[in-house]
Amino acid sequence: MRKEKERENQQERWSARMKAYLHRIIHRKDFRAAEDMEKPEEEERGNPYLPKLRSIMEQLLPMYQLSYRDFRPLLIDTDTPPESLLDEDPAAVVLEQLSEDLNFLRISTDRPAYFSEYIHRMYEESGLVVQMLPKNLEPLEDINVILDLEEKGDCPRNYMREHILYIPVFKRKWNHTGNLRNLDISIPIGYNTVIVKGIS
């Protein structure tokens with residue numbers, strides 16, 4: 001009888017330990033899952049739609065009753081130029097796409113020497129006189145679109161004007177909407193968001 005009681009006690013203790021062990025394992029998994037959900041996803045650097053900027057602008061401008069001929073952009077140069085010569089400079093990517101048929105271009109930059117070859121080439125090829133000016137000025141006359149390539153800081157409120165489309169290329173995330181076959185993109189413009197459909 002005594003041996004039976006000891007056996008029962010041993011089984012109860014073993015069972016209690018097993019339950020405690022399983023409980024710890026189950027709750028550790030739950031805890032880790034909860035931790036993973038709480039961790040913010042690492043922000044993807046850059047803008048994956050940058051190589052499609054020309055076709056995006058060709059859809060976007062008519063939404064605001066502008067033709068490409070009337071497109072008068074100010075390009076605010078990046079504040080984080082590439083660290084390596086192997087990396088593409090976002091300003092160069094944008095300018096190569098937008099240059100064809102451009103009738104006006106103003107560049108706001110702290111590195112004018114970087115753009116000198118581009119400015120010379122544009123004048124030789126199309127007669128376009130690219131205007132350069134230092135950053136932090138308010139060059140809003142004659143402008144109807146601002147392409148802000150800066151990554152740091154907030155969207156400057158002084159650029160939010162009724163007649164100007166302010167497009168933060170990196171400061172606010174551009175989102176894919178819809179299915180994978182149709183690449184519809186939600187693009188921030190000023191305080192609003194615009195959907196551009198079917199970019200290929």
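The model is a predicted one. Its open sheet has five strands in the order β3-β2-β1-β4-β5, paired in parallel. The largest nonpolar core has 38 residues, and helix α4 is among the elements that give two or more residues to this core.

**Sheet**

- The five-stranded open sheet, with parallel pairing, runs in the order β3-β2-β1-β4-β5. Its edge strands are β3 and β5, each of which pairs on one side only.
- On average, and with direction ignored, neighbouring strands of this sheet are turned by 20° against each other.
- Between β4 and β5 there are four bridges, in the parallel sense. Asp 148 has Pro 168 of β5 as its bridge partner.

**Nonpolar cores**

- Within the largest nonpolar core, of 38 residues, the most contacts belong to Met 57, Phe 71, Leu 147, Ile 167 and Trp 174. Two or more residues each come from α2 (53-63), α3, α4, β4 (145-148), β5 (165-168), β7 (184-189) and β8 (192-196).
- Met 57 is in contact with Pro 62, Phe 71, Leu 98, Val 145, Leu 147 and Ile 167, leaving aside its neighbours within four places in sequence.
- Another core, of eleven residues, lies apart from the largest one; its members include Leu 74, Leu 140, Ile 146 and Tyr 159.

**Helix α4**

- Helix α4 covers residues 112-126, 15 residues in total. From its first C-alpha to its last it reaches 20 Å, close to the 21 Å expected at 1.5 Å a residue.
- The buried residues in α4 include Phe 115, Tyr 118, Ile 119 and Met 122. An α-helix has 3.6 residues a turn, so residues three or four places apart point the same way.
- The buried residues of α4 are covered by elements including α3, β2 and β3 (131-133).
- After α4 comes Gly 127, which has a positive phi near 80°.

- Ser 99 is placed in the loop between α3 (90-98) and β2 (106-108). Its relative accessible area is 11%, which is under the 20% limit, and Ser 99 is therefore buried.
- The side chains of Ser 99 and Tyr 118 are joined by a polar contact of 2.6 Å. Not counting residues up to four places away in sequence, Ser 99 touches Tyr 118 and Met 122, both of which are buried residues in α4.
- Thr 109 belongs to the loop between β2 and α4. Because its relative accessibility is 5%, Thr 109 counts as buried.
- A polar atom of the Thr 109 side chain lies 2.9 Å from the backbone nitrogen of Arg 111. Residues up to four places away in sequence aside, Thr 109 touches Asp 77, Phe 115, Met 132, Leu 133, Pro 134 and Lys 135.

- Most residues other than glycine have a negative phi. Gln 65 has a positive phi near 55°, and Asp 142 has a positive phi near 70°.
- Gln 65 is found in the loop between α2 and β1 (73-76). Its relative accessibility is 68%, so Gln 65 counts as exposed.
- Asp 142 is located in the loop between β3 and β4. With a relative accessibility of 45%, Asp 142 counts as partly exposed.

Key. Residues are numbered from 1 along each chain as its sequence is written. Side-chain values use heavy atoms; hydrogens and water are left out. Buried means under 20% relative accessible area, exposed over 50%, partly exposed in between (1.4 Å probe, protein chains only). A polar contact is a pair of N or O atoms within 3.5 Å; within protein, one must be able to donate a hydrogen and the other to accept it, and residues adjacent in sequence count only if both atoms are side-chain atoms. Contact means heavy atoms within 4.5 Å. The expected span of a helix is 1.5 Å times one less than its number of residues. A nonpolar core is a set of buried Ala, Val, Leu, Ile, Met, Phe, Trp, Tyr and Cys residues joined through side-chain atoms within 4.5 Å. Two strands pair if DSSP finds at least two bridges between them. Axes are lines fitted to C-alpha atoms, for helices over the stretch in contact, and angles run from 0 to 180 degrees between N-to-C directions.
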